[in-house]
There are 2 protein chains.
Amino acid sequence: MLKYQAIANDIRQKINDGIYKPDDQLPLTSELENTYHVSKMTIKRALDHLEAAGLIVKRRGSGTFVKGLASNDLDKLTQHSSQQLFGMSKVFAGHNVVSKILAFEVITAPAEVMAKLRLDDDSFVYHIVRVRFLDGKPLSLETSYMPISLIPDLRRQHAEHSIFSYIRDTLHLNIQSAHRIVQVRGANELESKEMSLAPGSPVAVVRETYFLSNGLPFNYSITTHEPDHFALETVVIA
Amino acid sequence: MLKYQAIANDIRQKINDGIYKPDDQLPLTSELENTYHVSKMTIKRALDHLEAAGLIVKRRGSGTFVKGLASNDLDKLTQHSSQQLFGMSKVFAGHNVVSKILAFEVITAPAEVMAKLRLDDDSFVYHIVRVRFLDGKPLSLETSYMPISLIPDLRRQHAEHSIFSYIRDTLHLNIQSAHRIVQVRGANELESKEMSLAPGSPVAVVRETYFLSNGLPFNYSITTHEPDHFALETVVIA
DNA sequence: GAGTGGTCTAGACCACTAT
DNA sequence: TAGTGGTCTAGACCACTCT
C-alpha cells in the first residue's frame, strides 16, 4: 500500500470512528509529518484525496477541518470510497441480480454509436438489450453497444452474468473511466412493458461511455432506471 | 498563474485546437519537462488534472494519450473547465434568467434541514421557494434553507437576483463545495402548477448541500427541474 | 533490458490568515 | 509578524510495459 493512500485511509477511518468529528480541526500538516514519518508532499497528497472525496476542507493560513456533514452523509463518504464505476453485480453484491436478455446480436453501428465509439462507417458492434432484476424486481433496462474489434467473442452467457468481468478477467483489459450524462423522461412502451411501469411514468436515463486504460472507448450504453432504486450522488469542489 | 495550471491549460488548448488529437500520444513527461522548463512533479500535477477532467489517460510503462472522445464531448470538456458549482445566473449567462418568489420567510428548521445543516433544536432558517424562468419559460422550482446565523440580513431582493452573489460579494464568504443527490419522480401539484407540467409527469429532483471554505454547511436546497433543460454530466475515474 | 510514468524526500520559497 | 497550507525543485528509487 502506498504511503499517501495508507495515510488517507487512516484519517478517513479516524473520521468514521469519530476521533475527528465534523467541524474539528485536524492536526497541522507539520504534526502529521511527524506522526506518520513522511514528508510534507506526502501528507498533502493524502489530504488532497480526502478533500476531493468531500470529507475535509483546507484553508491556507488557518488549517484543515472536517466538513460539517450530516452523520448520514459522513457514513456514506467514509465507507464507500468514492464513486462506483463497475456494473451492478458489484454495487448490489449480496443481493440477487439477474439479467433477462431481450436482444443479443451484431449489427452495423448506428450513427450515434459510431460517433461515441469513434468507429468507421461500417463497423460491427454488439447490440445487447437487457433488463436487470434486483431480488426479482425490474430495476433497469440497458441498451449497450460494443465494437467487435475490441471485444472479440462475446457470448450470450457473458451478458447473462457480467460483461465487465469477462472484459477484465478473461480479456485482461483494464477499464479506466466512464463519462456519464443523466437525464429524465417518461417511460416508452418497451420500458413500461418490461419494467412494469405505467407508460409515460418517470424514468432516469443514463448514457455512459466507458474507456479502457489505453484511452479507447469500448462501450456505449443507454440505461433507463426505475425511479425507486435510482440515486446518483456527486461531490463538487470549487 | 501557477505553473501546473498554466501547463494544464496549454495542453488542454492544444487538445481543443486539434494539435493533440484523440488517441494521440502526448510527448513524454521528460520532454514536457524540457519544453516547459519545470520539474517532473509539476508536469505530473498538470497531467493529473487533465486526467481527472476526463481528457487524457496515463499508462505507466507506455505513455500518456488523449482519450478517444467523440468530438462533441471533447469540445464540452476542453471548454467548460470541469463541473459547475454556482447558481444558474452564471450557468446561463447571456440568457434571461428571472426568479418568481413563492415564499420568503424565516421558520424554525424542519428535522431534515436541521440534520443537513447541523443546527440546534430551535434554530431559525430562511425558507425560500423560487421558480426560475429561462427566457420566459419555467425551468425549475427550488426550495432552499439557510441558517440566519451564518447568512445575516438576507433580503427578498437578493432572492430575486442571485443569493450566491450576495454571499460572496457582500458577505465575503467563500463557497467551497457542494454535495448533490439526483433522483427522479413525478411532479407534485405545486410543481405542475408553477412549471406548467402535467401532474405526475417526470421531473429531476436535485438535493444539494453547499459548504463554505471553513467547512460549515450554509445552504440545503431541493430543486425540481423540468426535463427538457436538465442534464447532469460526470466523469468517473477508476 | 530499455523506457515509460509513479512515489517519495528534504528543503527553499510563496500566499494567505490571524492577531 | 508568527503560523498556516501551497508550489516547486532535483534527484533517488520504484512499478509497470514492451520487445
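**Entry 1: a residue in a loop of chain B**

Is Arg118(B) buried, exposed or partly exposed? Before answering, I note that this is a predicted model. I counted 17 other C-beta atoms within 10 Å of Arg118(B), so I put it down as partly exposed; 20 or more would have made a residue buried, and 12 or fewer exposed. I found Arg118(B) in the loop that runs between α6 (111-117) and β4 (124-134) of chain B. I also looked up its backbone: phi is positive, about 50°, although Arg118(B) is not a glycine. I remind myself that most residues other than glycine have a negative phi.

**Entry 2: a loop residue of chain A**

I then turned to Asp153(A), which also has a positive phi, near 60°, and is not a glycine. Asp153(A) sits in the loop between β5 (137-147) and α7 (156-160) of chain A. Where does Asp153(A) stand, buried or exposed? It is exposed, because I find 9 other C-beta atoms within 10 Å.

**Entry 3: chain A as a whole**

I stepped back to take in chain A. I listed nine helices and nine strands in its secondary structure. The C-alpha trace of chain A spans about 60 × 40 × 30 Å along its principal axes. Of its 238 residues, 34% are buried. I also looked at contacts in chain A between residues at least 6 apart in sequence, and 59% of these join residues at least 24 apart.

Chain A is split into domain 1 (3-79) and domain 2 (88-229). How many Å separate the centres of domain 1 and domain 2 of chain A? I have 37 Å, taken over C-alpha atoms.

I picked out Phe164(A) in helix α8 (residues 163-170) of chain A. With 19 other C-beta atoms within 10 Å, Phe164(A) counts as partly exposed. From Phe164(A) to Val184(A) I step 20 residues along the sequence and 26 Å through space, C-alpha to C-alpha.

**Entry 4: how the two copies are arranged**

I laid chain A on chain B: a rotation of 180° with 0.0 Å of shift along its axis superposes them, at an RMSD of 0.0 Å. The two copies are thus related as by a two-fold rotation axis. Which residue of chain A comes closest to the rotation axis? I found Pro202(A), with its C-alpha at 2.2 Å.

**Entry 5: where chain A touches chain B**

The contact takes 48 residues from chain A and 48 residues from chain B. On the side of chain A that touches chain B, the elements that each supply at least two residues include α6 (111-117), β6 (175-186) and β7 (202-212). β6(A) gives the most, with twelve residues. By class, I sorted this side of chain A into 26 nonpolar, 13 polar and nine charged residues. I also noted that 100% of the interface residues of chain A are interface residues in chain B too, so the copies meet through the same surface.

**Entry 6**

I followed β6(A) to its partners. Within chain A, eleven bridges join β6(A) to β7(A), and the two run antiparallel; one bridge pairs Ala178(A) with Tyr210(A). Across to chain B, β6(A) pairs with strand β9 (residues 232-237) in the antiparallel sense, over six bridges. There I see Arg180(A) bridged to Thr234(B), and Ser177(A) opposite Ile237(B).

**Entry 6: the DNA strands**

Last, I looked at the DNA. I found 23 residues around DNA strand C, and among the closest are Lys3(A), Ser39(A) and Gly61(B). For this surface, α1 (3-16) and α3 of chain A and α2 (29-36), α3 and β2 (63-66) of chain B give two or more residues each. By class, the surface near DNA strand C has six nonpolar, nine polar and eight charged residues.

Technical notes: Residues are numbered from 1 along each chain as its sequence is written. Chains are lettered from A and ligands numbered from 1 in the order in which they are written. This is a predicted model: local features need pLDDT of at least 70, side-chain atom pairs count only at pLDDT 80 or more; totals for chains, interfaces and linings use all residues. Helices (H or I, at least four residues) and strands (E, at least two) are DSSP runs, numbered from the N terminus. Copies are superposed by least squares on the C-alpha atoms of residues with pLDDT of at least 70 in both. Two residues are in contact if their C-beta atoms, placed from the backbone, lie within 7 Å. A residue is near a molecule or strand if its C-beta atom, placed from the backbone, lies within 6 Å of it. Ala, Val, Leu, Ile, Met, Phe, Trp, Tyr, Cys and Pro count as nonpolar, Asp, Glu, Lys and Arg as charged, and the others, Gly among them, as polar. Two strands pair if DSSP finds at least two bridges between them. Domain bounds come from an automatic or database domain assignment.
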